[in-house]
Amino acid sequence: MLKSLSVQNFALIEHVSLHFHDGLHVITGETGSGKSILLGALNLILGERSDFSVIRDPEKKTIVEAVFQLNESFKDWFIREDIDWEPETLIRREITSQGKSRSFINDTPVQLNQLKELTEQLVYIHSQHETLEIKKTKFQFDLLDSYADSLDLAQQVGATYNQIHRLKTTRERLESSRSSQLQELDYIRFQLNEIQQLNLDQVDYAALENDFNKLSQLDDLKEAYSSVIQAMEQENGATDQLRRLKVHIDKWKNADVDLNSISVRLQEVIAELQEISRDSDRQLNQLEGDPETLFRLTESLDEYNKILKKHHFSTQEELIAYFNSLESKLEESDSSDERIAELTAEIDKKEQELQQLSEKLFGKRSAVVSKLEGYLLELLTEMKMEHSRFQILLERSEKMDANGGMSIQILFSANKGLELKPIEKAASGGELSRVMLAIQLIMSEKKSLPTLILDEIDTGVSGEVALRMGKLLKQMGKHLQVFAITHLPQVAAKGDYHFEVSKSHANSQTISEIHELNKDQRIEALAKLISGEQVTDLARSSAIELMN
């Protein structure tokens, strides 16, 4: 419920602060007095784009503030959006002549789409130019579901259909990707098979290359080892000379500590040279020529180096990493197949669920079609359209959609002898206004609606019809908060609360103001609507009679 509205520096409005209640609020005023300006200010709260031309004084901000009384059902939205939850929520919109626009919910800055997401659940504005909304399929189903108490079921059907649509989109994307990958996957399998032949996890190709180098340079290696042995062990060789040197200096080693240290070090060198000689002898004895082994090594290394070069790698570790990446791609492909199968199974399950929900929804909808037609005619009869005829065509379609695979069309005739036509083509402006009022009444009785603002929905009617429309509006006010902008005294008289918009001139400026009227002021305002500027006692009496 809208509890209050404050507007500053907006078009002809300098400053206005209003407080509202449950029930029917009527707003009257002369043409051009500023009734539409008030709607324009409220549209800023509803997240409409800023029109900076409405800023009255460019040196000041234009500020619109609205306080809404919210129920607990909105709390989750506030938590999700990380905005402080308050049962009385303050929404503020500020715009400046420099082109800046800011929005706040409970003093938390928000984006325009956040503001709109919340406020579209709080206020619905229906203007005299929007009666053709009735031709929209969604609106017609909404009417039928409101009367059939199937709004939740219809929402479930729509949600399930959208789930199926998203699942199918995901599956199509995966299938398309899968198809384009098939050729690449064949090449990946070929590469994997080629690399697998190398047995990279079992063969050390660096060691193989070392073995190959040994076998391919066997004579040179033998000569090298023999040279080492000869240098170490031949007479007058390195080892022999060092032994004689040690024997010579050992004669005086006890006479000098440093000389003794040199003797010890010489013994260590002699021992190391002897070990080198033994290792060389052992390696020399192991060197044996094997043409078959050399051939196998050559063949293995040629294949290894060919594949290494093919993929522009230089080490076995790089080739192993590449092999693992190819395996991962194959695994992803396999998981993609599994995911497609899972999605198909989920889609089948959801489609069966949707079919069952759709059957149930069709049953509930079709059961009330004739009753809804009768109730609409009953309401229109109250508004002097007793010769009207309604026909609601509800049919199953072959293709499933968010409406449960159903189509709807409302046919209408306002007078005897006229054929039924789609309602937007069969009714005049005044007749459509009355039809829309009847529909809004039905929906307000069955559906939890936001604050409803009706902008001159009584256009095109007068007299007794206007009086009956006023009574219906008052009836609607028992179920929800209603604002009716009107120029008809018969409608204005039925308001639980009456606000009047007026225009004045001061200091070469025009100012629009709006005030809530007390009982005496209401009588005067209604009398003026009845008789014009010259208010008569008869007009006042008529005003009192209308109010009663």
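Biologist: In this predicted model, what are R365 and D145 called, buried or exposed?

Modeller: R365 is buried, and D145 is buried as well. The word applies to a residue with under 20% relative accessible area.

Biologist: What makes the contact between R365 and D145 a salt bridge?

Modeller: Their side chains meet at 2.8 Å, N to O. The cut-off is a Lys or Arg nitrogen within 4 Å of an Asp or Glu carboxyl oxygen, so the pair qualifies. A search of the whole structure finds 21 salt bridges.

Biologist: Why do you say that R365 and D145 tie parts together?

Modeller: R365 belongs to helix α11 (residues 316-382) and D145 to helix α4 (residues 137-148), so the pair links parts that are 220 residues apart in sequence.

Biologist: How do you know that E275 and R278 are separated by about one helical turn?

Modeller: Both are in helix α9 (residues 257-286), and they are three residues apart. An α-helix has 3.6 residues a turn, so residues three or four places apart point the same way. The side chains of E275 and R278 meet in a salt bridge of 2.8 Å, N to O.

Biologist: Why is E275 called partly exposed?

Modeller: E275 has a relative accessibility of 32%. Buried needs under 20% and exposed needs over 50%, so a value in between is called partly exposed. R278, with a relative accessible area of 46%, is partly exposed too.

Biologist: Which labels do D537 and R540 get?

Modeller: D537 has 58% relative accessibility and counts as exposed, because the cut-off for that label is over 50%. R540 has 26% and counts as partly exposed. Both residues lie in helix α17 (residues 537-547), three residues apart, about one turn of the helix.

Biologist: What makes D537 and R540 a salt bridge?

Modeller: Their side chains meet at 3.0 Å, N to O. The limit is 4 Å, so the pair counts.

Biologist: Why is helix α1 described as largely enclosed?

Modeller: Eight of the 11 residues of α1 (residues 35-45) are buried, so the rest of the structure largely encloses this helix. The buried residues are K35, I37, L38, L39, A41, L42, L44 and I45. Just after α1, G47 takes a positive phi of about 90°.

Biologist: Why is E194 called buried?

Modeller: E194 has a relative accessible area of 15%. That is under 20%, so the label is buried. E194 is in helix α5 (residues 151-196). Leaving out residues up to four places away in sequence, E194 touches I307, K310 and H311.

Biologist: What makes K421 partly exposed?

Modeller: K421 has a relative accessible area of 38%. This falls between 20% and 50%, so K421 is partly exposed. K421 lies in strand β11 (residues 421-422).

Biologist: Which residues does K421 touch?

Modeller: Not counting residues up to four places away in sequence, K421 touches I410, L411, F412 and A426. K421 and I544 are 123 residues apart in sequence and 42 Å apart in space, C-alpha to C-alpha.

Biologist: Which residues form the positive surface patch?

Modeller: The patch is formed by K135, K136, K421 and K425. Lys counts as positive. A patch residue needs over 30% relative accessible area, and K421 has 38%.

Note on methods: Residues are numbered from 1 along each chain as its sequence is written. This is a predicted model: local features need pLDDT of at least 70, side-chain atom pairs count only at pLDDT 80 or more; totals for chains, interfaces and linings use all residues. Side-chain values use heavy atoms; hydrogens and water are left out. Patches are made of residues with over 30% relative accessible area and no salt bridge: like charges are joined within 9 Å, nonpolar side chains (Val, Leu, Ile, Met, Phe, Trp, Tyr) within 5 Å. Accessible areas come from the Shrake-Rupley method with a 1.4 Å probe; for residues, only the protein chains shown count as cover. The place of a charge is taken as NZ of Lys, CZ of Arg, CG of Asp or CD of Glu. Helices (H or I, at least four residues) and strands (E, at least two) are DSSP runs, numbered from the N terminus. Buried means under 20% relative accessible area, exposed over 50%, partly exposed in between (1.4 Å probe, protein chains only). Contact means heavy atoms within 4.5 Å.
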